[in-house]
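Hi there,

Here is the structure I promised to pass on to you. My notes on its side-chain contacts follow below.

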Amino acid sequence: MAPTDDATKRLYRDEAHAINARDVRFDFDSVPMHYIPGEVLATHIVNVMHLVLPVGERAMAAALSEALPCIEDERLREEVVGFVGQETMHANSHEAARRHLQSIGLGVDSYVAEIAWLVDRVLGDHGLGGRAKQQWLKERLGLFAGMEHYTAVLGEWLLDAEVLEARGMHPAMLDLVRWHGAEEVEHRSVVFDAYMYLDGGYARRVRTALLAAATLLPLFVFSAEPDADRTHVVWRIDFDITTPLIGATLTRLGHALLGVGFRLILHTAARETTRAPR
């Protein structure tokens with residue numbers, strides 16, 4: 001696969017920021033089931049990160065590892081290697097948090113198994129070869145680039161959201177999500193750059209961005225457990241959105257995600273969408 005013209009024109013400066021995996025450890029032993037006091041729904045929303053992200057981030061790392069032999073640009077190769085390392089650490093850390101919550105009674109085995117099955121069926125390599133394998137890799141990179149755009153917005157929000165600390169979020173969980181958020185901001189353009197290097201097609205970029213936007217929210221919604229009568233889920237539309245944490249923070253986050261999605265679709269210049277400053 002040859003790099004696109006636009007990608008080959010983007011030169012990296014020697015002083016550009018290096019992306020590297022960080023060896024971090026978190027002690028979850030004292031984390032309670034509801035680690036944001038008085039905010040069960042907010043705790044649940046953060047829990048979805050522990051349920052979905054490990055398998056999703058490993059799928060991203062696998063796709064970028066598959067793309068690595070096709071990337072000849074030395075600086076981009078360095079960034080991709082750093083991205084793969086960071087995503088692997090994210091997956092391991094959230095998986096550790098999930099295992100702790102399961103050990104104190106969080107019943108999520110069936111949901112985690114369903115997500116793993118879905119990611120494998122939808123985002124696996126499917127054993128393809130030749131041109132089909134190349135096109136499917138480009139499709140996955142486009143989809144992951146769209147998802148990384150949203151996770152960068154979420155990451156920035158996590159870094160700035162003083163309300164999490166003010167509401168008493170457990171320090172271990174707060175450290176986990178802020179570390180993760182910082183690295184999402186740090187490597188926000190890597191998958192996009194890899195996609196632009198290997199393909200760069202605008203139509204595919206728009207299509208996969210829309211698909212990414214349509215995929216992320218249902219993962220949060222359908223993670224709720226059914227009520228005993230199985231007629232509706234615990235996370236219903238009639239929850240009190242005026243609560244201090246949910247009303248203030250999730251509304252702002254939703255507006256940010258919508259705005260950034262429209263920008264991704266409407267802006268044709270790659271550097272105005274997700275390109276990090278160099």
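**Aromatic rings and salt bridges**

Phe-26, Phe-28 and Trp-179 come together as one aromatic cluster. Before the details, please note that this is a predicted model, in which local features need pLDDT of at least 70, side-chain atom pairs count only at pLDDT 80 or more, and totals for chains, interfaces and linings use all residues. Residues are numbered from 1 along each chain as its sequence is written, and side-chain values use heavy atoms, with hydrogens and water left out.

The structure holds two aromatic pairs (rings of Phe, Tyr and Trp, the last by its six-membered ring, with centres within 6.5 Å; planes under 30 degrees apart are stacked, over 60 edge-to-face, and the rest tilted). Phe-26 and Phe-28 make a stacked pair, 6.0 Å centre to centre with 25° between the planes. Phe-26 also pairs with Trp-179, this time tilted, at 5.4 Å centre to centre and 50° between the planes. (Helices are DSSP runs of H or I with at least four residues, strands are runs of E with at least two, and both are numbered from the N terminus.)

How accessible are these rings? Phe-28 is buried at 6% relative accessible area, and Trp-179 is buried at 12%, whereas Phe-26 is partly exposed at 22%. Here buried means under 20% relative accessible area, exposed over 50%, and partly exposed in between, with a 1.4 Å probe and protein chains only.

Now for the charges. There are 16 salt bridges in the structure (a side-chain nitrogen of Lys or Arg within 4 Å of a carboxyl oxygen of Asp or Glu). One of them joins Glu-186 and Arg-22, 2.9 Å from N to O. This pair also links distant parts of the chain, with Glu-186 in helix α7 (residues 171-186) and Arg-22 in the loop between α1 (5-9) and α2 (40-67), 164 residues apart. Glu-186 is buried at 17%, while Arg-22 is partly exposed at 35%.

Arg-75 has a salt bridge to Glu-78 at 3.0 Å and another to Glu-79 at 3.8 Å. Arg-75 and Glu-78 are three residues apart in helix α3 (residues 74-103), so about one helical turn separates them. Glu-79 lies four residues from Arg-75 in helix α3, again about one turn. Arg-75 is buried at 12%, and Glu-78 is partly exposed at 36%.

Finally, a network of salt bridges links Lys-138, Glu-139, Asp-199, Arg-204 and Arg-207.

Best wishes
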